[in-house]
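Please read them alongside the model.

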Amino acid sequence: MKPETQRRITSFQPPIRTLMGPGPSDVHPRVLEAMARPTIGHLDPAFVEMMEELKILLRYAFQTNNDLTFPVSGPGSVGMESCFVNLVEPGDKVIVCVNGVFGNRMVENVKRAHGEPIVIKDNWGEPVDVQKVEDALKANPGVKVVAFVHAETSTGVQSDAKALAALAHKYGALTIVDAVTSLAGSPLKVDEWELDAVYSGSQKCLSCTPGLSPVTFSERAVESVKARKAIGQSWFMDLSLVLGYWTAAKRTYHHTAPINALYGLHESLVILQEEGIENSWKRHMDNHLMLKVGLEKLGLEFLVAEPYRLPQLNAVKVPSGVDEAEVRRLLLNEYNLEIGAGLGDLAGKVWRIGLMGHASREQNVRLCVQALGEILGA
Ligand SMILES: Cc1ncc(COP(=O)(O)O)c(C=O)c1O
C-alpha cells in the first residue's frame, strides 16, 4: 500500500464561505436541510408524487406550460448536451452565437453531434448581434437550430432571447437557449418569448447545490425530436428513454435518480414560489444596483455597457497594477468571501462578482464592497 493510504482521514468539514462568484452560489439553509431527509426509493409512490410537483414548480420558474419540463440528472453541461444530442442530427445546420466561453461549448456540442456549426462571433462583453444572426439565416437556407446563451456567465452579458427566437422562427428554425445563469435571476419567459429547448442549472439563482439541470422543451422541439431519422449517439440523454421515468403513467427504471438532490431542488423551487418570481428578479436587480454604487465609489468599472448587464453576474475590470489573483486570495483567506476570476480571453482582466439566489442579499453586497475597499486601499 502507498504510504498515504495509511493516513487517518476523518469527516470533511468545509470552511464556511460566502459564495459570490459565478456559481455555485450560497445554498439556502432550507435546501440543505431538505437534502438531509431520509432517502426513499426512486419508484416509491411518495417520490413519484414529488417528481410531479417538481415539474409544476419548474414550469413556474421557466414561465411555461410545456409538458416536457423536468430536471436532468447532471450539471448544466448535461442539460446543454441533452438539448444538442436530441435536436441535432448528422448534417443539420446550426447557427451558434458565440460571445463568451459557453457559446464555444455549444459549438463543440454541435460538432460532436455531427451537425454543421455556423458560428456568429461577437466581442466578449457584448450581447449577440441580432442583425448578424439574420444575415446568417439569409445566407444559409435550411438552418435547423439557432443556439445562444441568454446570460453569458463568462462576461456578465445578457442577450435578447425574445428577438433571437422570433428571428429563428421567421426562418423556420428552432432555438436552443442556455439559461443556466438567467433562471430566477432575471426575466426569462419561455412561453411568451417562444423559446424551444432551454436548459439551466441548479447552482446559480435557484440557490440549490450543483448537479441538476432543469430543462424545458416546447411542442415544436418535441415534434422535432420525434421526427428524428437517426438514432441519437447518447443512451443516457435520449429523451424518449428518459421520459419513461419522468412522464409515463407507469414509471420505468431508466437510471437511479439523485433522490436527495431532487429534494433540495424541490425546496429551492418552493422558496422561489413563496418569494414570487417577479420579486426574485427585482431582488437581484436591487442588489446589483447597490453593488454598482459601492464599486463605483471604489473607482471600479464594469466590463459591460449598462443596458446589457446581468444583475446576477457583475464583471468588473481589474485596475491596472493590481494583482487580481492576490486580491481573490485575500478575500478568501481574510474574509471567507469567494469571487470569480476572468475566464478565457478575460483571464486576469476582470473579476466576476455573483449575486445569485440566496447570495443576492444586502449584507453580502456590503461585505464585498467593504472587503474590496480594504484590500485595494480605496
Ligand atoms: C452559461 C453557462 N452554461 C453552462 C454552464 C455549465 O454548467 P455546469 O458547470 O453546471 O455543468 C455554466 C456553468 O457555469 C454556465 O454559466
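**Notes on the model**

1. Asn66 counts as buried because its relative accessibility is 10% (buried is under 20% relative accessible area, exposed over 50%, partly exposed in between, with a 1.4 Å probe and protein chains only). Asn66 sits in the loop that runs between helix H2 (45-62) and strand E2 (68-73); helices (H or I, at least four residues) and strands (E, at least two) are DSSP runs, numbered from the N terminus.

2. This is a predicted model, in which local features need pLDDT of at least 70 and side-chain atom pairs pLDDT 80 or more, while totals for chains, interfaces and linings use all residues. Residues are numbered from 1 along each chain as its sequence is written, and side-chain values use heavy atoms, with hydrogens and water left out.

3. Leaving aside residues up to four places away in sequence, Asn66 touches Arg59, Val190, Asp191, Thr216, Phe217, Ser218 and Glu219 (contact means heavy atoms within 4.5 Å).

4. Helices H3 (residues 76-87) and H4 (residues 101-112) pack at about 45°, with axes 10 Å apart. Axes are lines fitted to C-alpha atoms, for helices over the stretch in contact, and angles run from 0 to 180 degrees between N-to-C directions. On the H3 side, Ser77, Met80, Glu81 and Phe84 meet Phe102, Arg105, Met106, Asn109 and Val110 of H4.

5. Helix H11 (residues 324-335) and helix H12 (residues 362-376) cross at roughly 120°, their axes coming within 10 Å. Val327, Leu330, Leu331 and Tyr335 of H11 meet Ala371, Leu372, Glu374, Ile375 and Leu376 of H12.
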